[in-house]
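Please look over the sequence and the structure shown here. A short report on the fold follows.

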Amino acid sequence: MEKLLNEISSECKAAFNVNCDVESDLNIPQNYKRNADLGLPCVAENDLLRHFTNLSRKNYALSTTFYPLGSCTMKYNPLINEKIAGFDGFNCIHPSQPAETIQGALELIHNLEKDLCEVSGMDYFSLQPAAGAQGEFAGLLIIAKYFKSIKQKRTKIIVPDSAHGTNPASAAYAGFEIMPLKSESDGSLSAQKVKELLTPEVAAIMLTVPNTLGVFEKEISEIAKASHENGTLLYYDGANLNALMGMVRPGDLGFDVIHINLHKTFSTPHGGGGPGAGPVGVKAFLEHFLPVPRVENKNSKFVLNYKKSKSIGKVRAFFGNFPVLVKAYAYIKALGAKGLKNASVQAVLNANYMLAKFKDKINVPAGSRCMHEFVLSPKSVLQNGVRTVDIAKRLLDYGYYAPTVYFPLIVEEAIMIEPTETESKETLDKFVETLNKIILDEAVNEPHKVKDAPVNTPVKRLNEVEAARKPILKWSG
């Protein structure tokens with residue numbers, strides 16, 4: 001096991017240090033100056049390099065393995081976008097600079113908003129929210145303020161059991177009461193059941209299209225029509241937009257509010273808590289409620305407009321995670337309209353290819369066709385007490401990052417797989433072969449291998465309940 005830097009530290013060691021003999025002209029008051037050493041580890045430069053290189057080898061990353069992580073699109077992120085985000089003009093600016101000194105950054109934000117409007121069918125966007133869930137929350141605050149402005153008391157939000165997992169939490173946090181809606185046996189929603197729930201108290205319906213089962217809502221037009229006739233708004237969770245780009249625009253389907261996960265669909269590494277971005281988009285009648293500041297083009301000069309009296313206010317310090325916006329803009333401009341559509345076409349093709357390989361051996365609750373992801377339920381073929389969590393752990397031994405498991409909650413022993421458009425047929429075939437081997441061979445003939453997994457990783461099977469309830473967040477050595 002790799003030791004901590006503190007454990008290999010020694011006072012006689014140090015990395016190369018450049019002494020700066022330039023005197024600072026900053027007049028820092030004495031009471032703000034540190035009067036004790038920082039207590040940082042003293043490590044030789046080669047040991048420091050080896051330490052972090054060894055740690056990187058123990059990690060799973062898109063640069064080392066296939067990430068079939070359903071619901072949280074983990075596609076390859078072009079390195080050119082990382083390079084562009086590191087340009088000095090983007091990387092060495094400060095959000096408190098005067099607007100006239102960051103015209104390039106503001107122009108990028110303004111243009112990206114326009115591009116997202118085109119992709120989604122919305123009229124206006126704010127790029128301020130820093131994550132998908134925060135985009136949801138901002139969208140729900142917009143919905144709440146809209147109904148308050150027209151003096152309607154609407155307190156309920158319909159959330160299907162096939163929606164993205166954060167939807168009910170975001171709605172509740174925004175002060176709404178949740179009305180659950182059960183999906184049909186094929187994973188889709190019944191327009192008739194939606195109509196039965198629509199009352200004058202319903203502010204919005206939150207839908208993920210395609211939903212978390214990888215199913216497109218075939219009755220979406222009827223659902224949208226019934227909702228609008230009731231004065232109810234439609235909220236689109238953009239977590240699965242990677243399935244629809246260039247083919248279907250949520251705004252054209254009748255959605256009024258949307259958030260887009262730039263870190264899933266438009267090129268930014270996802271996971272580990274960030275970085276992310278969850279821009280919120282709206283139809284024209286909701287534009288005045290978007291977060292401030294708004295980037296506006298005034299006589300060929302970009303300005304930050306804070307004077308929006310109906311706005312929900314700021315939802316994030318400064319203007320969100322700007323490097324994420326840069327990478328998304330580079331991704332869109334590099335691919336163009338045809339490229340974005342092709343990405344979705346390939347994502348759907350890859351998912352259906354894998355599904356066809358599984359469907360005759362492992363149960364697929366939502367049927368034999370999907371959009372960009374699908375859910376397996378191996379419950380009926382699992383033997384010897386082996387469960388889905390064991391399968392996920394065993395995949396680690398074969399060098400794969402485990403797919404999403406036990407989600408959505410409506411599928412027993414769920415395994416949720418999203419191959420994305422960026423994986424080759426050879427990679428998909430090898431993963432299918434490995435997963436079938438674990439479920440249909442090892443779980444039957446050598447169950448100990450699966451139940452004891454992982455055995456080839458730096459850390460073996462953890463007590464996940466204890467880890468969640470008693471996390472060790474600080475080294476105390």
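Proline 210 sits in the loop between β4 (202-208) and α9 (220-229). The model is a predicted one. A cis peptide bond links valine 209 to proline 210, with omega about -10°. Another cis bond runs from valine 292 to proline 293, and omega there is near 5°. Proline 293 belongs to the loop between β7 (280-282) and β8 (294-298).

The table sets out these two bonds.

| Cis peptide bond | Omega |
|---|---|
| valine 209 to proline 210 | about -10° |
| valine 292 to proline 293 | near 5° |

**The whole chain**

Now step back to the protein chain. Its secondary structure comes to 16 helices and 12 strands. Along the principal axes, the C-alpha trace spans about 75 × 70 × 45 Å. How does the radius of gyration fit a compact globule, and what is its value? The chain has 477 residues, so a compact globule would have a radius of gyration near 23 Å. The protein chain has 25 Å, which agrees.

Strands of a sheet pair through backbone hydrogen bonds, in a parallel or an antiparallel way. β11 and β12 (residues 415-417) pair over 2 bridges, in the antiparallel sense. Which residue of β12 is the bridge partner of valine 405? That partner is isoleucine 415.

The loop between β11 and β12 holds tyrosine 406. Phi of tyrosine 406 is near 60°, a positive value in a residue other than glycine.

**Two helices together**

Helix α12 also packs with helix α14 (residues 425-445). Their axes lie 10 Å apart, at an angle of about 30°. Angles under 35 degrees count as roughly parallel, so α12 is roughly parallel to α14. The crossing of the two helices is right-handed.

Which residues make the contact? From α12 come Asn350, Tyr353, Met354, Lys357 and Phe358. From α14 come Lys425, Leu428, Asp429, Phe431, Val432, Leu435 and Asn436. By class, the contact of α12 with α14 has 7 nonpolar, 2 polar and 3 charged residues.

Key
Residues numbered from 1 in each chain as written. Predicted model: local features only at pLDDT ≥ 70, side-chain atom pairs only at ≥ 80, totals over all residues. Heavy atoms only, no water. Pairing = 2+ DSSP bridges. Helix = DSSP H or I, 4+ residues; strand = E, 2+ residues; numbered from the N terminus. Axes fitted to C-alpha atoms, helices over the stretch in contact; angles between N-to-C directions. Parallel < 35°, antiparallel > 145°, perpendicular 65-115°, else oblique. Left-handed = near helix turned anticlockwise from the far one by under 90°. Contact = heavy atoms within 4.5 Å. Nonpolar A, V, L, I, M, F, W, Y, C, P; charged D, E, K, R; others polar. Rg over C-alpha atoms; globule rule 2.2 N^0.38 Å.
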